[in-house]
Amino acid sequence: MESARNGKTMKQAAKRFIENPDLTKEGFEELIRCADDPETVNALTEEAVRIRRKYYGDKVYTRGLIEFTNYCKNNCYYCGIRRGNLRACRYRLTGEEILDCCAEGYRLGFRTFVLQGGEDRWFTDERMADIIRAIRKKYPDCAITLSIGERSYESYRLFREAGADRYLLRHETANEEHYGKLHPADMSLAVRKLCLYDLKLLGYQVGAGFMVGSPGQTTGCLAEDLVFLKELKPHMVGIGPFIPHHDTAFAGEKAGSVELTLFLLSVIRILLPEVLLPATTALGTLDPQGREKGLAAGANVVMPNLSPLKNRKQYELYDNKICTGEEAAECIGDLERRVAGVGYRLVSERGDACSPAR
Ligand code: SAH
């Protein structure tokens, strides 16, 4: 094992990174250029797993994902539920349906509920706060995570007071120019970043992240993503390969690489040792063993779907999304076996970050 790390051909950049992960943009670029060197990959994977085991042992946390609306006011070019996709069949769950999803999730052992959706104005601050309060009251022992895009500081404050604990808002790309290729002009990286800092200020456990292989992404963009993560120090980082959706402008683009995603998972684990790192559905969609490989690369979270079966297929961010035809219980049973297969164990606890990011 040690031999890999000390191997003669292991690239200098990787060696330096393991010794001191505090790289500059140029350092990260050099590191990412080693992503196809098997010896480098082995050394980084080994180090990532060592760190992951040190902080989290063999535990894999579960987050029950409730995709409660696919209405969206935004028009992100990569996303299947963007406003401009007139073929998307829109739905929104009622408060009661959301609570039913939580009840089923709780029964199955979930202690974190993630409310994710498009930016749907029907869910005003008041309506959202009512739903959050209802979940908080019924499940005082559970974590409530929101993933509903950009809102004002005041809205985020209201949700926090209503009982929300965590917030997922991927920055998508930390490079201005690249951000402009993925989003229309009415969206900006500056606002996205401001939201993330607001959320941190309000005491949320915050998740940032990006797609791997989105159209126009360069090694430099990825290096900037890593620099940004180093600055933000989020509690969670969600990354997954870009996957084209047939009704978007990017329909004909290539999907991101599973291998590069796995490499970056290991890099992020080393960069932010205690971070919560999901093996994402997008990874499992591109490769039938994707989520297992993600766990073996340093991930420690999975996010099975708790959305009602009748709406699963409608929350179509990209093509061929997995787990849209099974009940939550079937999904979790299958996942339990997969996780055990790579030597880890699904646990039923809130799974807060080991210590707040500094
Ligand atoms: N509206 C919320 C939730 C977005 S959906 C928000 O703005 O945060 C969750 C994530 O799915 C997005 O942040 C994006 O990174 C990812 N996603 C969207 N389209 C995708 C695609 N075509 N391929 C891979 N991931 C995609």
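**View 1. Lys-59 and its counterpart across the strand pair.** In this predicted model, Lys-59 stands opposite Arg-345, a residue of strand S9. The two strands concerned are S1, which covers residues 59–62, and S9, which covers residues 345–347, and they pair in the parallel sense over three bridges.

**View 2. Strand S1 beside strand S8.** Strand S1 also pairs in the parallel sense with strand S8, made of residues 301–302, and this pairing runs over two bridges.

**View 3. The residues around the ligand.** The ligand is surrounded by 18 residues, and the closest of them are Tyr-78, Gly-117, Arg-170, Glu-172 and Ile-243. When this shell is sorted by class, 10 of its residues are nonpolar, five are polar and three are charged.

View 4. At Gly-117, a N or O atom of the backbone lies 2.9 Å from a nitrogen atom of the ligand. At Arg-170, by contrast, the side chain takes part, with one of its N or O atoms 2.9 Å from an oxygen atom of the ligand. Arg-192 likewise places a polar side-chain atom 3.3 Å from an oxygen atom of the ligand. Taken alone, the ligand would expose 550 Å², of which the protein buries 92%.

Methods. Residues are numbered from 1 along each chain as its sequence is written. This is a predicted model: local features need pLDDT of at least 70, side-chain atom pairs count only at pLDDT 80 or more; totals for chains, interfaces and linings use all residues. Side-chain values use heavy atoms; hydrogens and water are left out. A residue is near a molecule or strand if one of its heavy atoms lies within 4 Å of it. A polar contact is a pair of N or O atoms within 3.5 Å; within protein, one must be able to donate a hydrogen and the other to accept it, and residues adjacent in sequence count only if both atoms are side-chain atoms. Accessible areas come from the Shrake-Rupley method with a 1.4 Å probe; for residues, only the protein chains shown count as cover. Ala, Val, Leu, Ile, Met, Phe, Trp, Tyr, Cys and Pro count as nonpolar, Asp, Glu, Lys and Arg as charged, and the others, Gly among them, as polar. Two strands pair if DSSP finds at least two bridges between them. Helices (H or I, at least four residues) and strands (E, at least two) are DSSP runs, numbered from the N terminus.
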